[in-house]
Amino acid sequence: MAIGNPPQWESIAQAKRAALLQSIPPDWIISDDLLPPDDQLDVTSFPKTSGFFTERELEITSTRIPQLLEKIHTQLLTSEEVTKAFCKRAAVAHQLTNCLSETLFPEALASAKALDEHLQKTGETVGPLHGLPISLKDHFNIAGKDSTVGFVSWVGKPATYDSALVEILKKAGAVLYVKTNVPTAMMIAESVNNTFGRTVNPLNRKLTSGGSSGGESALIAFGGSLIGVGSDIGGSLRIPAACTGIFTLKPSSGRFPTGGCVSGLAGQEAVSSINGPMAKYLDDIEFYAKTVVGAEPWKSDPKCLPIPWRSVSVKPKLKLGVMWNDGNVRPTPPVQRALRETVEKLKAAGHEVIDWEPTLHLEAQELLSGFFLADGGKTVREILDEVQEPFRPEMKGYADASEIGANELWKRHLQRTQLCKDYLDRWTKAGVDAIICPTTPYTSVEHGKFKYVGYTGVFNIVDYSAVSWPSGMYADKSLDQPKIDAEPFSALDAEIQQDYDAEVVHGMPISLQLVAQRLEDEKAIAMTRLVLEAL
């Protein structure tokens, strides 16, 4: 390598970023005179205030899913026009938040046109999602497109097949138009990697949109997608949903198809990776779930369970356990306040609320981390080494890890199984319907300061169903001042509370989490709806 030339990985990454930007049509590039200044933190108003979008485009991209599908299916709108509007809005979202990893604009418009022609010719829709643009996290393979999951060495190695979910969505009539950015290996709680860089939060660009499905959360919060699909192995759906104030369902493993997806820790099966929907509305989450499970994914993905989407009825007054903290890291003041006020409103609505102590949570967190690092970071290191890409600082744990061996791993499997049994016994004895707790300690947090996934990761270990939902409350610097005299639970707790800045997160939405038992995805959604009614 000549002196002064960038390392191989930097050259590859630079070319990939340039190609991504060049895939955006010139008419959709924001001119310098319209581009929001760097110090404009909230860019969600740009579509309505900039004049860059037509009234028709704004109307299309602001229409709820049921109404949009009805207009497409009755031919009041064409799928091609709808797709073009969302492609443009996604392109703008990327320029302001760096949320995309791949564009499929020509392919999406061709697909939409074919759907229109089919409807015009036959009078029939292809499926329940006919004409609906859906965005996907980068790790879903789409034939002909890269699935880098942030690794520079995977640039220019397009997939040769579609993931199982992609096949299902296409058969249902969905239009796939973008893939969204993730952190390296999808194992960082912020969406940042050496290939595409950092995705920022459209509500406040000084803050993270979370990870690993942070490209999705940024795109949806900006209005560039009505519904997208992410994944979760330690909080990767719930964390970004909480950072941007949208809804998500973390299902139990086996409900939605994961076959044919790329993983940064391929073969790690001690904790199952699942995928699920992200959207601004809970009804859209349920509609997606019914559609995908209704496609009987167990017939194409051997890891899917043959369980149809069930109609559930929940009792009008719930018994809820409230976990105020997990005993290791306290929620920051806005989250504490939202949880406290939510509990007060739930009690006022007649629900029974009891305290839920975080027994077993620290053990579960240690197991989760141990499973991820069990190979001593070899899997990630081998992929990075192909182009001499360095470990990012957020992945220091992988760089420093030591392999534990099969015997020790099997012992930890036994420990995990016993923990799941103990947690189930405790739940059964308490007789609770669900747990209400923080999704994360944060509303969102400044870039580089997301340091704790304990509130989400524990429920991956026990494989429970969970919904992260916006509480309807917002961080308020006058109400949410740090509690100086509070005794920290741990050194990490002290560090996180020290990082908290009421001024920086002022106005950010506050999310909470409802957790149901394993395979209670339908019930988790129904109970969340009941909780929202109380709020």
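What volume does the largest cavity have?

1. Basis. This is a predicted model: local features need pLDDT of at least 70, side-chain atom pairs count only at pLDDT 80 or more, and totals for chains, interfaces and linings use all residues. Residues are numbered from 1 along each chain as its sequence is written, and side-chain values use heavy atoms, without hydrogens and water.

2. Cavity. The largest cavity has a volume of about 90 Å³. Ser444, Val445, Asp499, Tyr500 and Asp501 are the closest to its centre among 13 lining residues. The lining has 6 nonpolar, 3 polar and 4 charged residues. Searching the whole structure gives 1 cavity of 30 Å³ or more.

3. Terms. On a 1 Å grid over the protein atoms alone, a cavity is a set of points where a 1.4 Å probe fits but cannot get out; a pocket is an open set with protein on both sides within 12 Å along at least five of seven lines; lining residues have an atom within 4 Å of a point. Grid points are joined across faces, edges and corners, and a volume is the space filled by probe spheres set on the points. Ala, Val, Leu, Ile, Met, Phe, Trp, Tyr, Cys and Pro count as nonpolar, Asp, Glu, Lys and Arg as charged, and the others, Gly among them, as polar.

4. Largest pocket. Its space is about 850 Å³. Of 32 lining residues, Met187, Ala189, Lys451, Tyr452 and Val453 lie nearest the centre. The lining splits into 17 nonpolar, 12 polar and 3 charged.

5. Second largest pocket. This one holds about 620 Å³. Its lining counts 33 residues, with Thr258, Ser263, Gln268, Ser273 and Lys303 closest to the centre. By class there are 13 nonpolar, 16 polar and 4 charged.
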